[in-house]
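Hi,

Here is the structure I said I would pass on. Have a look at it first, and then read on for what turned up.

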Amino acid sequence: MSKNKIIRKSLIEDLYHHFNKKINFLTKEEKDLIENFKFNQRIDTYFIVRDVEHKRHKNRDTYFLLITLQDVTGEFVAKKWDMPYHKAKGISDEIKGKIIRISGIIREFNDSLYIEIDKDKEIEILSPDNCSVDLLKKSVKKSPDYLLEQIFLIIDNELDDDDWKKLANAIHEDDKICERLKIAPASTKFHQNYSSGLIEHIYEMLKKFLDEIKNNNLNCNKDLVIMAILTHDIGKIDSYDGLDYSYKITKKEKKWGHSLISIEIVLEKILGIENFDENKKTELIYLIENHMKNKVNYKDSVTKELNILRLLDSYNAGMSKFRL
Ligand SMILES: [Fe+2]
């Protein structure tokens, strides 16, 4: 085939694929968003499968699927009734973490709404190319590389103490930690549960703290709070395994919790720093260990730095829920 003919053929193929993608593209209208669902509404749209279980019907030998769906506005339950065990198990293995299209009716049971999936229609798995993925999942607004670079730049400029600078550098120089930091979510459910959510959370807490310091002249150990912001959730790099569009909790997270994993990472880095001050180590581990335990508490038994860390943490996690 001549060169011109080859170019022409590939152009036609490109156009064909482009056109094909377009005709397969499924739009999502306002009524298709979870926050707008109403009793008795007919549904024919797509979602991310956050979770799926196959359960046996009471008094029957057949199974049903209990699917937790997600879009950018929330979560919703869907049920598909009556199927043999092998089919229910097969579908639930296949759709976990994927984008699916379903049709059905919104029903009510025990004051809660759910979608009853049409019996005669199969659940369809969709390619992200054919959907508005932005309407299914929130995402970070700045690039993970930018966020990582900014965090360590800010920290380097703001820290006064040499031990803390060495600890921050040791974390920054660990490629494995940085690569995982760039992709890990901040949680599976509660806040910033999307790729790079963790690094966004750390960056925003840091910025908020430094704004407070600048505008309100806070009375606290600034270096200690900065290091606690950087490390309090760092263990989350080992807390979640990614599926296509959702995350599951690792065995280590289930057994240890992310605070303990964070402490493990920090202690390992401190061990590599000669003559690291014992008091600073104790203070930082105290903050990491306790950041999740209680709400803000102004009694003397809780340090200013721990209260500040908890306030920044819950403020950022809470506010992130209201973002589009
Ligand atoms: Fe946090």
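To start with a question: which residues are buried in α7? They are Asp223, Leu224, Val225, Ile226, Met227, Ala228, Ile229, Leu230 and Thr231. "Buried" here means that 20 or more other C-beta atoms lie within 10 Å of a residue's own (exposed is 12 or fewer, partly exposed is in between, and the C-beta atoms are placed from the backbone).

Before going further, two notes on the model. It is a predicted one, so to speak of a local feature we need pLDDT of at least 70, side-chain atom pairs count only at pLDDT 80 or more, and totals for chains, interfaces and linings use all residues. Residues are numbered from 1 along each chain as its sequence is written.

Back to the helix. Nine of the ten residues of α7 (residues 222-231) are buried, so this helix is largely enclosed by the rest of the structure. Its buried residues pack against α3 (144-158), α4 (162-172), α6 (197-216), α9 (258-271), α10 (278-290) and α11 (304-320).

As for the whole protein, there are eleven helices and eight strands. Of the 324 residues, 30% count as buried. Among contacts with a separation of 6 or more, 64% are between residues 24 or more positions apart; a contact means that two C-beta atoms, placed from the backbone, lie within 7 Å.

Two strands pair if DSSP finds at least two bridges between them. β4 runs antiparallel to β1 (residues 42-56), joined by seven bridges, and Arg42 has Ile105 in β4 as its bridge partner. Three bridges join β4 to β6 (residues 124-126), also antiparallel, with Glu124 in β6 as the partner of Arg101. With β5 (residues 112-117), β4 makes six bridges, again antiparallel, and Ile106 stands opposite Ile115 there. The hairpin of β4 and β5 has two residues between the strands, and Asn110 takes a positive phi near 50° in it.

His291 is buried, with 22 other C-beta atoms within 10 Å. Leaving aside neighbours within four places in sequence, His291 is in contact with His232, Ser259, Leu309, Arg310 and Asp313.

Cheers

Terms used. Helices (H or I, at least four residues) and strands (E, at least two) are DSSP runs, numbered from the N terminus.
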